[in-house]
Amino acid sequence: MARQRYRPPHDFGLGGVAIGNEFQFATDEQAEATLAAAWDAGVRYFDVSPWYGLGLAERRFGRFLARKPRHEFVLSSKVGKLLRASRDHDAKRYFPFTTSPNTPHFDYTADGVLRSIEDSLQRLGLDRLDIVFVHDLSPDNPYLPDDWETLWPVAEQGAFPALTRLREEGVIDGWGMGVNCPQPILRCLEVADSDVHLLASQYSLVDHANAVEQVFPRAREAGVSFVMGSALNAGFLGGAPRYNYGEENTLIPADKRERMERLRTIAAQHGVDLVAASLQFAQAPDVAASLIVGTASPTHLLADHAALRAKIPAAFWQALRADGILHPDAAVPEGA
């Protein structure tokens with residue numbers, strides 16, 4: 001009998017990218033206000049990473065969450081990068097807006113995983129993580145010290161067994177990959193016993209065909225679920241002048257701009273808010289356990305939270321399907 005794999009119990013959460021100063025400088029006060037707004041709105045899932053601001057996001061989330069009852073919320077963080085403080089740090093190379101004194105060092109070994117979790121808990125001021133994602137072992141990561149496929153055996157023999165053991169010992173509830181590309185998730189499903197994966201930048205109204213055709217079928221076979229990240233493509237579908245992540249994310253491909261214009265036109269014809277449609281679309285697949293949004297603005301957080309309850313007419317989804325924007329097999333929200 002197949003074991004019951006862990007599935008996050010909350011369908012909406014706050015991610016730590018923006019609170020880690022990924023896109024612009026945010027103050028501690030802004031971070032605290034955003035976290036407080038999320039909590040007051042009933043949000044009980046929070047996702048962070050040592051990578052977000054090189055420790056900044058974990059410190060900010062921890063200051064807030066350490067004052068809350070630990071049994072009331074679910075927390076995920078990531079492994080694969082160890083942070084080392086130094087007066088000669090190069091934090092600005094990775095995050096121009098961070099105030100961190102740290103330099104990241106990639107480590108996908110078993111010892112690296114254990115050290116990373118211990119370090120995260122110290123920054124957070126908490127006693128445990130519920131979910132751990134193996135972060136950015138992916139072909140799109142330009143900072144890896146070697147090709148991702150060369151590093152893969154290190155994770156397969158080190159990080160994956162270590163996380164499985166921690167789950168079996170009850171230290172964590174589940175683990176998986178946290179990546180922006182499908183290849184590492186598909187390979188992990190072949191070689192390891194994972195639970196839930198962070199599917200970032202791979203399932204949105206702009207780009208979802210590969211997830212529908214390749215990733216989701218394999219996930220169903222394996223019995224794993226997904227935390228859906230970057231449903232707005234790092235703000236692109238909300239009107240931000242960027243597409244996904246990376247140093248050149250403000251250079252938006254022509255095909256993405258053209259699809260965005262078609263989306264805007266159809267949304268206007270049906271009186272639909274495109275952010276609401278984008279977020280609800282990302283929550284619709286049966287394998288989607290939770291959706292996380294990343295913001296350092298209480299206003300944006302509350303708007304995203306409310307957008308999940310906006311009424312969207314079935315005719316809107318039908319128009320997207322007829323226009324070819326929606327894959328024929330892509331799920332739409334129930335009742336649509």
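**Exercise 1.** How many of the ten residues of helix H10 (residues 274-283) are buried?

*Solution.* This is a predicted model.
- Step 1: apply the cut-off. Buried means under 20% relative accessible area.
- Step 2: list the residues of H10 that pass. They are Leu 274, Val 275, Ala 276, Ala 277, Ser 278, Leu 279, Gln 280, Phe 281 and Ala 282.
- Step 3: conclude. Nine of the ten are buried, so H10 is largely enclosed by the rest of the structure.
- Step 4: find the neighbours. Two strands come up, S9 (225-229) and S10 (288-294). The buried residues of H10 also pack against helices H9 (254-270), H11 (298-307) and H12 (314-323).

**Exercise 2.** Work out how helix H2 (residues 56-65) and helix H4 (residues 110-124) pack.

*Solution.*
- Step 1: take the geometry. The angle is about 55 degrees, and the axes lie 7 Å apart.
- Step 2: classify the angle. H2 is therefore oblique to H4.
- Step 3: name the contact residues. H2 brings Glu 58, Arg 59, Phe 61, Gly 62 and Arg 63. H4 brings Ser 120, Arg 123 and Leu 124.
- Step 4: sort them. Four are charged, two polar and two nonpolar.

**Exercise 3.** Describe the second largest pocket by its volume and by its lining.

*Solution.*
- Step 1: give the volume. The second largest pocket has about 190 Å³.
- Step 2: read off the lining. Gln 280, Gln 283, Ala 284, Leu 308 and Arg 309 belong to it, as do Ala 310, Lys 311, Ile 312, Pro 333 and Glu 334.
- Step 3: sort the lining. Five residues are nonpolar, three charged and two polar.
- Step 4: link back to Exercise 1. Gln 280 lines this pocket, and Gln 280 is also among the buried residues of H10.

Methods
Residues are numbered from 1 along each chain as its sequence is written. This is a predicted model: local features need pLDDT of at least 70, side-chain atom pairs count only at pLDDT 80 or more; totals for chains, interfaces and linings use all residues. Side-chain values use heavy atoms; hydrogens and water are left out. Axes are lines fitted to C-alpha atoms, for helices over the stretch in contact, and angles run from 0 to 180 degrees between N-to-C directions. Helices (H or I, at least four residues) and strands (E, at least two) are DSSP runs, numbered from the N terminus. Angles under 35 degrees count as roughly parallel, over 145 as roughly antiparallel, 65 to 115 as roughly perpendicular and the rest as oblique. Contact means heavy atoms within 4.5 Å. Ala, Val, Leu, Ile, Met, Phe, Trp, Tyr, Cys and Pro count as nonpolar, Asp, Glu, Lys and Arg as charged, and the others, Gly among them, as polar. On a 1 Å grid over the protein atoms alone, a cavity is a set of points where a 1.4 Å probe fits but cannot get out, and a pocket is an open set with protein on both sides within 12 Å along at least five of seven lines; lining residues have an atom within 4 Å of a point. Grid points are joined across faces, edges and corners, and a volume is the space filled by probe spheres set on the points. Buried means under 20% relative accessible area, exposed over 50%, partly exposed in between (1.4 Å probe, protein chains only).
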